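Q: Could you walk me through how to read a model like this one? I'd like to take it a feature at a time.

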Amino acid sequence: MQQSTLTAGVPLTSTSVDVNSGVKIKNNYFDGLPVSRSHVGLFMLIVLAYFFEQLDNNNFSFVAPALISSWGIKMEDIAHINSLYFVGMTLGGLLGGVISDFIGRRKTFLGSIVLFSVASIANGFAQDLTTFAISRAITGFGIFCMMVVSIAYISEMTPAESRGKWQNMTAGIGFLAMPLIGVIARIVVPISQDSWRWIFWMGGLGLVGFIFGLKYLKESPRWLVAKGRIAEAEQVMFEITGRQVDLSEAAKKVQPSENVKEVLVGMFSGAYLKRTAVMLVSFICINVPGFIFMAWTPTLLQQKGFTLEQSLFASSLIILGAPLGCFLSSFVSDKGGRKIPIGVIALGWAVLAVVFANLGNNISLIIAVGMCMNACNLAGGFTLFSYVAESYPTRMRNTATGFHNAMGRLAVAGSQLAVPVLFAKAGFTGLFGAIAIMLTVAGLTVLIFGERTGGKSLEEVA
């Protein structure tokens with residue numbers, strides 16, 4: 001067969017080299033190559049990790065009303081637990097990218113799974129609020145360390161032309177855990193005063209993902225090349241694509257690594273200042289509404305006058321919108337240079353928040369509109385993950401991704417303390433009105449000032 005040279009975005013043609021010919025094709029990693037069955041296998045490992053991560057990420061919102069009843073705690077205590085959880089997430093976001101640059105995507109990903117799974121089990125055994133809050137913070141650290149690494153990993157392991165699609169598809173399947181935990185919590189939590197503990201012990205099943213990942217998860221070829229391990233990177237490429245790929249040209253494009261201080265200084269200077277400002281506004285104004293909605297809905301509905309069973313029932317159905325939003329957005333995520341889907345989703349979500357705030361106690365409408373809001377929440381959030389990974393060059397990507405995600409979670413940590421205060425002063429309507437304002441700011445900022453990034457090779461980012 002004749003040798004062909006591939007460039008980013010150019011499909012592999014029928015004249016390409018046969019896998020058994022021994023002749024290598026020159027290519028920019030996976031760009032232009034079809035997604036293989038081995039690719040899908042890697043994505044399914046990430047799906048498995050996402051599944052158990054979401055069990056741990058969302059279980060507390062369903063357990064919180066039961067804790068208020070069984071431990072006699074207040075909304076302010078729930079706020080402090082949530083705040084510490086997001087502080088843990090902030091640290092996980094800041095350190096996840098740095099750690100993965102040092103020891104590799106694979107080791108960091110697997111280590112994070114062990115951490116949040118064991119911490120969830122510890123939550124189930126907690127006998128006091130302090131132990132519970134500390135375990136919850138460690139869970140948050142592990143969860144978001146894994147999330148930041150997975151964002152970079154998927155970006156590095158997929159073709160440029162379908163990066164957003166696979167980012168959202170893996171999330172959509174993995175996030176089926178969100179409605180599942182709602183159904184399980186609705187059945188288990190009301191059984192007895194301490195039955196909520198079983199919800200956290202379930203989180204330990206995340207170790208199943210660690211066991212499979214230990215055997216099957218591949219290291220990122222881009223990370224291997226950056227470390228000078230080109231032969232290993234080419235072997236991974238062969239195992240995934242079935243093609244002998246020459247990465248010598250790609251290796252020449254590797255930029256010198258920068259330390260954390262250099263990356264942070266670079267993010268706030270020159271050509272990157274505008275991108276950084278847009279990303280910061282987007283992450284803060286999308287993350288805060290999203291996590292207020294997910295973490296507080298069962299408690300807020302109970303405070304609004306619904307019974308524990310009614311609030312759990314409504315929340316378990318509302319959460320169905322999350323995987324649906326990821327699935328639907330996978331068809332549009334790669335359109336409009338990434339910025340247009342994010343902006344339109346944020347503005348649509350803002351409108352829904354205003355409607356949600358004024359539905360009264362009509363539980364059917366609350367569920368229907370809530371599902372649509374949750375769909376927007378996850379659709380916008382995961383498209384934003386792809387957007388930030390595409391906005392910085394390789395030498396800055398992981399640290400920048402971790403920084404923006406961490407700042408979003410830090411804002412969420414602060415907002416958790418404000419929720420009881422705002423709810424007490426402005427009520428249900430005022431709280432969701434504030435959410436609508438934040439989302440409007442995010443949508444307009446991205447649409448007006450954001451740059452188009454979708455569909456470009458990661459090596460094209462400058």
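**Salt bridges, a helix and confidence**

A: Let's start with one side chain: E239 is partly exposed, because its relative accessible area is 33%, between the cut-offs of 20% and 50%. Keep in mind that this is a predicted model.

Q: Which side chain does E239 meet in a salt bridge?

A: Side chains of opposite charge can pair when their charged atoms come close. Here E239 meets K218, at 2.8 Å from N to O.

Q: How many salt bridges does a search of the whole structure find?

A: It finds 7. One of them joins E451 to R275, with the closest N and O atoms 3.5 Å apart. E451 lies in the segment after α18 and R275 in helix α13, so this pair ties together parts 176 residues apart in sequence. R275 counts as buried, at 15%, whereas E451 is partly exposed, at 31%.

Q: Is α13 largely enclosed or open, and why?

A: Count its buried residues: 25 of the 32 are buried, so the rest of the structure largely encloses α13.

Q: Where does α13 bend?

A: At W296, by about 60 degrees, with the proline P298 following within four residues. Just after the helix, G305 takes a positive phi of about 125 degrees.

Q: What is the mean pLDDT of the protein?

A: It is 84, and 93% of the residues reach 70 or more. Over residues 1-20, though, pLDDT is below 50.

Definitions and conventions
Residues numbered from 1 in each chain as written. Predicted model: local features only at pLDDT ≥ 70, side-chain atom pairs only at ≥ 80, totals over all residues. Heavy atoms only, no water. Bend = angle between axes of the 7 residues up to and from the residue. Helix = DSSP H or I, 4+ residues; strand = E, 2+ residues; numbered from the N terminus. Buried < 20%, exposed > 50% of the residue type's maximum accessible area, 1.4 Å probe, protein only. pLDDT = per-residue confidence, 0-100. Contact = heavy atoms within 4.5 Å. Salt bridge = Lys/Arg side-chain N within 4 Å of Asp/Glu carboxyl O.
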